[in-house]
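The structure is shown first.

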Amino acid sequence: MLKSKIFLKKTKKGSILKVVREHYLRDDIYCGSEACDECPQKDEVLELRPQNPSSEIFPDPHYIIPDTNVVLHQLDILEDKCMKNAIILQTVLDEVRHRSAPAYKRIKEAISNPDKHFLSFVNEFHKDTYVERQPRETANDRNDRAIRTAAKWFQTHLFNTGVKVILLTNDADNKVKASQDGVTAFTVAEYVGSLKDNPELLDRLAHSKPSNAFDEGVQLPEHVSIAEVQKGLKSGRYLQGSFQASRDNCLEAVVFIQDKEDVTVFLQGNASLNRAVHEDVVAVEMLPEKDWSYPSSLVIEDVEGETEMDKEARKEKLKQPTGKVVAIIKRKWRQYCGMLLPVIIKTATRHLFVPSERRIPKIRIETRQAHILQGQRVIVAIDSWPKNSRYPLGHFVRKLGTIGDKETENEVLLLEHDIPHVPFSTAVLNCLPKLPWLITEEDVKKRTDLRHLHICSVDPPGCTDIDDALHYKPLDNGNVEVGVHIADVTHFIRPGTAIDEEARKRGTTVYLIDKRIDMVPELLSSNLCSLRSNVDRFAFTVIWEMTKEAEIISTRFMKSIINSKASLTYAEAQMKIDDSKQQDELAQSLRGLNTLAKILKQGRTDKGSLSLASPEVRFHIDSETADPIDVVSKELMETNSMVEEFMLLANVSVAKKIYEEFPDCAVLRRHPSPPPSNFKPVINVAEARGFDFCVDSSKDLANSLASAQLTENPYFNTMLRILATRCMMQALYFCSGMLPYAEFHHYGLAAPIYTHFTSPIRRYPDVLVHRLLAVAIQADASFPELLDKKKTQALCNHLNYRHKMAQYAGRASVALHTLLFFKNKVLIEDGYVMFVRKNALTVLIPKYGLEGIVKLAEYQNIMKFDDENTVQTIGDVIIRVFDAVKVEVSVDQSNIQHQHIKFKLVSPQLPEIEEGPPLKKQKKRK
Amino acid sequence: MAGLELLSDQGFRIDGRRPHELRRIQCRMGVFGQAEGSAYVEQGNTKVLAAVYGPHEIRGSRGKMQPDKVLINCQYSMATFSTGERKRRPRGDRKSQEMTKHLQQTFEAAVLTHLYPRSQIDIFVEVLQSDGGNYCASVNAATLAIIDAGIPMKDYVCACSASYIEDNPVVDINYLEESSGSAELIMAMLPKSEQIVLLQMNSRLHEDNLSKVMDMATQGCKDVHSILDTAVREHLTSSIALQDSSVT
Amino acid sequence: MAVDVRLACARVDRKELPFTNDQAHLVTPGDVITTDTGFMRGHGTYMEDEKLHASVSGTVERVNKLICVKPLKTRYNGEVGDVVVARVIEVGQRRWKVDTNSRLDSVLMLSSVNLPGGELRRRSEEDERMMRDYLQEGDLISAEVQSVFSDGSLSLHTRSLKYGKLGQGILLKVSPSLVKRRKTHFHNLPCGASIILGNNGYVWIAPILNEDTENTGGFIQNLEPVAAVDREAMARLRNCVLALAEHKMMLFDTSVLYAYEESTKYTVKDLLKPEIMDEVVELTRQRLEAEG
């Protein structure tokens, strides 16, 4: 059953390296066709009578064998429902895997879909289809030959069954050779074109070859070959990094150099960008220093009394290390949302597509349904970017809906942030417990019964996924017992199940203004796991014994059954505390908790924990149209901080426990200290107002922030905090085995160790932490993935990404709703200047938590910008950071794709601008 | 770039084997004239030569002499050309010393040591080419050499490695799989009685998977045993045929 | 000088001989020989779980109730009366340690040696001091096994004039199992050389000794150069013995002599070539078979 063949490869890698590899060729790999009687196989994948769409050029029943490039570039075709019975060779799969991870994932999904009847055939290990690389044959040629050999084999093998095979290749040379071998071969265009029943497929055809029709006289530099790049990278001539297109200028970008933090290379101009698309991994070459440039946003203006030399010198200072892209190491192309640019000629088939992400260039696509697609959000994929084209070439994938429609825009938002939002599959739903769900005897035995305790939950109004609850009980010895009860999600989500996979993939629940994309199905999130009042629920409980001074004497962890006595909102809880008439147990508990929380908070602040701020808003949504009718900033009450305090305490306690138990694989959360340079804007502002600002440690920062109060501007402190928040680093999940203990530090909370434990319904890291803790207290069995340090870290990275994306999506949703709110309105609002830039002001309107830019470009001739103190002087008006202003808010609808909120300064009033020439005169007069 | 895919979705390993398949094993016995027993084993690309001398009077320090059983003296060495990059020292480095110790323990458990008190058996193992599973190939070769030398043993000692790759136990791992960082379990056993003589684990493996990997290794050892047994019988038959013909 | 070089792959695999003996009961270590408890445990076997297992690979031999497994090759297992050729490796207190290819070094007591000048005189202190003069490290002797100690080591004696120190000659080492037990192991072959086929697998080839030296017990060394004719005969004999051993042919006077006679048509050095070895051995075998 085993045929073996050994070959020796020798590679030279500086020193001589002997490589020995084995390659076993087998005779037990079967063709996988139902039509075949010869192979003693089971589970045939390919159908007996392949019902492929009738092709005009090849009417016989057939299987198709796509070659590598077809799989790589024409996935949208292959994924179509009507494409069935394809044979994906291992040679092809391997190549795809090396060249594009997303494409590999997609083709794998197609293979695993039983309706597609895609067979993956392991031709490399089959004794008849294996080909050895011949001397002087390139790897590509060898692979092409392997594909042809396999196709030929299938043809011969299936000869008696009447089913034919077709090789799909876009490589002319390959096609000719295939015909010589007697294999039927077509290009994809030929094949798809002949499918008369499915004309829409043609639109999805990717453009593999640059057609001359797109020649716009643009000639971009050729990319350097891979071998050359490798050599260049080694010698240091080229640098590798990720390409980040500029948001504001499509001709500029920066490259973040790999492995070197804070090193960026600036790129400018079409030739320098050289067909790189946002997020691609590229190789760049530095330009000589004399050719260095600076971003055009830093426009150099004439400054009074400045000589040419000064100006040059100033320009010199602005210059950044500049380079040019010489090659693309890895494309990170994905599918993009956007719209088609309107065209004049109705029947034209070539269109320009404008992605909604500004960093992505326009994409040229070919479609015959342009008239349908006008005014619609569509999804487009990039296929290639030939060097004679200004724009990349792509093809249409699908349409989402009408532009401006809230559903469509939400969809765009989710797609753009890569948030999985399809409804839960049946496999996932099958994992749910059957209703009515009852607590069994066995459950009771395993858990501590805490149903007698006066437990209550405090949450924002309208919250249905209650994942935490609290209790407070004075003890006889004068101490108090405080408990935090967290929904026991891991009881329902067992590792390895479909529901676990799905939750892990989603990573977090995403909150949009009018929509919540759950991490776990609603039955769990809003019912079985939600710690609602007056029902028995499973919980994971942390109980501390504390002194009245909030010193922890002991900590216990247990799985429990609780029965919450009340689910309160923050306001309700606040009322209970404040209303001295209420003397029931609940009110007293809340008061006790509140007192402790204040002590805890004080202790935390003393240690240097920061209280930061970011403007948060709530929309009042019209119940019928679901459009926002009012915006208010979120109010913070004492009870908010009370709940927060105990959650923090629980998180820290759990973090310590799991780290102690699993020093190598605990899932923790860290918040790195920001480099002091990050705080420059805050320091500048504070010092401009006469405050000493020290940022050496989080404690110093907290003190500085606390002391910076302006009586005439009570909002000043909040703004300073908002500003400071923006200087922070991102907090990250990580696996404790991957970093030294010193780096576990949580800067914002001034805690040496921290994790997330308290929201397992909406965060997957908490689920992991629950599992770890359960193992640590012997309440549950461990399982392999839980203790695998590398896998855990990989998972943490994924969760960080999801977390970030969810945040971005949330913000985008706020922006979207703000836009809808201001649509057709013009309001004049109070605001504060957050930043002063050379040619613009950033203004925050606290009422809406809305931030916008006031453009000052039109005043550029009378502006004077003081870089040191960030003070802008326009005529007689002096604008400083944190100044109170009045702005007019309206929606700029001039660009249908990028509608945005427009701010106009109303007060202080800026001088009327006259036309250019008089100004100059004025200047001269001066 | 995507790393190596050690186990494909179709269930093939990087060299075309399925998870439960051993590499090709080839062996010869009696390759040296001088030694009492000798054998050469190829397990895939791992090639090992073993020679056994003795039992004979204790050489070197007599202090090592054991009054009730034979002293088993092993030496494991790797030829300088056996690895990808040339080795500086063929023996005496930490790794070889460890290997030596392991071999010694393994064979002390299997050889009927009480039969030869106060004497010594030398087992020399030389790895000519290394492609993973050095210990296993060494043990298998040494077993053959001991059998060739006519030294009484309880049973064959068969060794086999196993690993856990992408949620699948795999047997007899080669160098690529070994260096992928996944856990490697090395097992030497007396296949007939299923007694484990040596069990070693490199890097961590979760408890739940251990039994799966152990089962895989056990099966591997038994497969190795049947291959070795066939080889021994063949060797025996042909030699006896020679002897018979000369006696008649 | 003509050099004959051949590649390893040109080696003929002699294993492909058509002889297979299906009757022989072959076992490998760990095999269960019998579950019947009525048998006695012999060499090459062990008991476990009331079953008799083989501990070596080889053929099962049954003598009445005794079951042994005889391995293909093994170290020499001495028995009283065996003639051995041995090498002195150590001179000790009133004894020599000698290597007899057995598992432990054998001893030759001073008292078991015929000393020069009278067979039966008392061993004096003087003799003890003179031991190294009689036999020193590296000397070869022929001897007989006097007794076997409990740990398996052998005690030898040379108290016959045919035993004693060996002079000029060639030592060959073959597997002990190839030496056939005979009445005598000392042969003066008509081809002009004498041979001692030690039971321990050591074979000594020497020029034919004349009567008077033989009786000295070898203590008077004849260091005169051996005649070229004798040397050639010895060399030829050596190659013949080697060829026979290679082919696992039993060694005894007739087989050696026949092989010698069959080899005469080739030059001595040609006898090292495998195909010629094959031929010589085959002819020898035929002659032996013809004789019955």
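## Confidence and conventions

Within chain B, helix α2 (residues 134-149) of chain B has the highest confidence, at a mean of 95, and helix α4 (residues 207-247) of chain B the lowest, at 85. The confidence is pLDDT, the predictor's score for each residue, from 0 to 100. Chain B has a mean pLDDT of 88, with 96% of its residues at 70 or more. Helices (H or I, at least four residues) and strands (E, at least two) are DSSP runs, numbered from the N terminus.

This is a predicted model, in which local features need pLDDT of at least 70 and side-chain atom pairs count only at pLDDT 80 or more, while totals for chains, interfaces and linings use all residues. Residues are numbered from 1 along each chain as its sequence is written, chains are lettered from A and ligands numbered from 1 in the order in which they are written, and side-chain values use heavy atoms, with hydrogens and water left out.

## Chain C against chain B

Contact (heavy atoms within 4.5 Å) involves 41 residues of chain C and 43 residues of chain B. Between them the two chains bury about 3600 Å², 54% of it on carbon and sulfur atoms; buried area is the accessible area (1.4 Å probe) that two parts lose on being put together, summed over both. On the chain C side, the most area is lost by Leu72(C), Lys73(C) and Arg103(C), together 17% of what that side buries.

There are 6 salt bridges between chain C and chain B, a salt bridge being a side-chain nitrogen of Lys or Arg within 4 Å of a carboxyl oxygen of Asp or Glu. One salt bridge joins Glu57(B) to Lys97(C), with the closest N and O atoms 4.0 Å apart. Elements of chain C that each supply at least two residues to the side touching chain B are β1 (26-27), β4 (45-48), β6 (58-63) and α5 (274-291).

## Chain A against chain B

Here 33 residues of chain A meet 35 residues of chain B. The buried area is about 2800 Å², and carbon and sulfur atoms give 46% of it.

The interface of chain A and chain B has 3 salt bridges. Asp9(B) pairs with Lys108(A) in a salt bridge, the closest N and O atoms being 3.3 Å apart.

## Salt bridges overall

Over all chains, the whole structure has 67 salt bridges. Within chain A, Glu285(A) and Arg237(A) form a salt bridge with closest N and O atoms 3.1 Å apart. This pair links distant parts of the chain, 48 residues apart.
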